[in-house]
Amino acid sequence: MFQLVLFYAFSAVLIGAALAVITARNPVHSVLFLVLAFVTSAGLWLLIDAEFLAIVLVLVYVGAVMVLFLFVVMMIDVDVATLRDGFNRSLPLGLGIVALIVLELSVVLGGSRFSDPRGPVPLADGGSNIRALGEVMYTQYVYPFEIASVILLVAIVAAISLTMRRRPGRRLQDPGLQVQARPEDRLRIVKMPSEPRK
Amino acid sequence: MLDSILAIWSQIPEAIRVSALIVLKILAIVLPLLGVVAYLTYAERKVIGYMQARVGPNRVGPAGLLQPIADAAKLAFKEIVIPARANRALFIIAPVLSFLPALVAWAVVPFADGAVLANVDAGLLFILALTSFGVYGIILAGWASNSKYAFLGAMRAAAQMVSYELAMGFALIGVLMAANSLKLNDIVLAQQGGFWHWYFIPLFPLFLVYWISGVAETNRLPFDVVEGESEIVAGFHVEYGGMGFALFFLAEYANMTLIATLVATLFMGGWLSPLENVPVLGQLPLLGQNGFHWLALKVAFFLFCFLWFRATFPRYRYDQIMRLGWKVFIPVTIVWLAVVGVFVHTGFGPWF
């Protein structure tokens, strides 16, 4: 009963936040509503005992990705008026894509999966699903998992090498040399005879 | 008297009893924590005072002991000024957002064997997720203030926290490889058997990385470019006064206490006594026994280190902070994770 109330509360907040992401006038507010959407969907996942997914969603998306998003959105100077103009123009296209996605999802998943009254199946040995997930991921699916991570690594390296520029005349510090510096290298003490008193 | 209370207690419906117990447990964690935070500020001023050949606060109460209470009362009665061009809603939410995760993370911290509010399986992940949430309060405060200095502070905070979180996460991976669990309670239990069983010995580089990154995560000196008084006045909280400022202040000190507790729990055996299994000394009544007092001692030591660093080190330059995080800590942790992998495989020493 209590879980049902929580489910509808989280769902309502999630839908509201998702709508606010695209309707908010201020881009920073949009990003914050997206953060709210992520946190509430993490709450929904917790309700079906998927605590690993929920925590990872908060950790990766809220904790890292959205911080960088916010970082970028805060610094760019967006002209809200032109943005609103574009919103109205691309609304039909957006609605069409949404309808297509809903259609595809309902074909793939079907109504039967959403009305399953059993809920998540508890593990046979009563262990946590984090352990079960880890076991499956690192035994049965270890190659797909590792290939996916290598592809991500390649993407990171490619993105860095595409944007890296080598400018001539850049003055870089060498921290190793800085640490090795001794007082004798920087300061020369000169012994001088004092001037004789007249 | 006690019987009648118990009789009344047993007549309350089960659901209310469970919720009431949880609320009482939360109060039993949060209220002492706020006390620790209040007297940490006092300790900070005293410790730094003596390190700089001063006495520190000594006017309010005996030896200045009532100073934190006087400070809190003063902050509570101050007017909250909201800048005219500020974003009102976010300006008010920001301090709350920074204080909230600092408190919630304590839900999974064990204070003695089994003495934990929620002994969840993914305790370590939960803490990582919540500490990464804390940066929002700082970023929003900087942005909503609509002030250049505050905004610069917020930008620095975002960059610094994202960089050091990676190193912290990698250091934690070493701990969970050694302990074979994400439960903080199990991690402590895996270190049983005297101080030579604690993880700071086999994981020494990770211990250093985690501790230094923890100092950087909490924006304490020498990594406090987020506030950097000499450069950007007070950084993200420059426009805040009264309780708004007090919440940021509380969050910073609660986070310091959390990091100190985590270092003690993950690397220094938590509530375990270092004299466990030591002949003669291990039999001592209080010192040889495991318990909350050992955790408190270790946390106090690390908190003292926070104050010590503040009094000793000059502030890092911004680019050097970034270099330390990305070019030093992350390679060190990756190399040591490979070493830990070999340790785990060969069952090295008393640790694995």
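Trainee: Let's start inside: how many residues line the largest cavity, and which lie nearest its centre?

Mentor: The general idea is that rolling a probe the size of a water molecule over the atoms shows where empty space is left. Here 21 residues line the largest cavity, and B:Ile138, B:Met161, B:Glu217, B:Thr218 and B:Asn255 lie nearest its centre. On a 1 Å grid over the protein atoms alone, a cavity is a set of points where a 1.4 Å probe fits but cannot get out, while a pocket is an open set with protein on both sides within 12 Å along at least five of seven lines; lining residues have an atom within 4 Å of a point. Mind that this is a predicted model: local features need pLDDT of at least 70 and side-chain atom pairs pLDDT 80 or more, while totals for chains, interfaces and linings use all residues. Residues count from 1 along each chain as its sequence is written, chains are lettered from A and ligands numbered from 1 in the order written, and side-chain values use heavy atoms, without hydrogens and water.

Trainee: Which elements build that lining?

Mentor: Helix 4 (88-104), helix 5 (123-133), helix 6 and helix 11 (242-267) of chain B each give two or more residues. Helix 11 of chain B gives the most, with 6 residues. Helices (H or I, at least four residues) and strands (E, at least two) are DSSP runs, numbered from the N terminus.

Trainee: What volume does the largest cavity have?

Mentor: About 290 Å³, and the search of the whole structure finds 1 cavity of 30 Å³ or more. Volume is the space filled by probe spheres set on the grid points, which are joined across faces, edges and corners.

Trainee: And how much space lies in the largest pocket?

Mentor: About 2300 Å³. Of its 40 lining residues, A:Phe52, A:Tyr138, A:Phe145, B:Leu125 and B:Ile173 are closest to the centre. Helix 7 of chain B gives the most to this lining, with 9 residues.

Trainee: Now packing. At what angle do helix 6 and helix 7 of chain B cross?

Mentor: Axes are lines fitted to C-alpha atoms, for helices over the stretch in contact, and angles run from 0 to 180 degrees between N-to-C directions. Helix 6 (residues 135-144) and helix 7 (residues 148-179) of chain B cross at roughly 155 degrees, with axes that come within 7 Å. These two helices of chain B are therefore roughly antiparallel.

Trainee: What angle do helix 7 and helix 9 of chain B make?

Mentor: About 150 degrees, with the axes of helix 7 and helix 9 (residues 204-217) of chain B 9 Å apart. That makes helix 7 of chain B roughly antiparallel to helix 9 of chain B. Their contact includes B:Met161 from helix 7 and B:Glu217 from helix 9, two residues that also lie nearest the cavity's centre.

Trainee: And helix 2 with helix 11 of chain B: what is their angle?

Mentor: Helix 2 (residues 14-51) and helix 11 of chain B cross at roughly 95 degrees, their axes coming within 9 Å. So helix 2 of chain B is roughly perpendicular to helix 11 of chain B. B:Leu33 and B:Glu44 of helix 2 are among the residues that meet helix 11, where B:Phe249 and B:Tyr253 are among the partners.

Definitions and conventions:
Parallel < 35°, antiparallel > 145°, perpendicular 65-115°, else oblique. Contact = heavy atoms within 4.5 Å.
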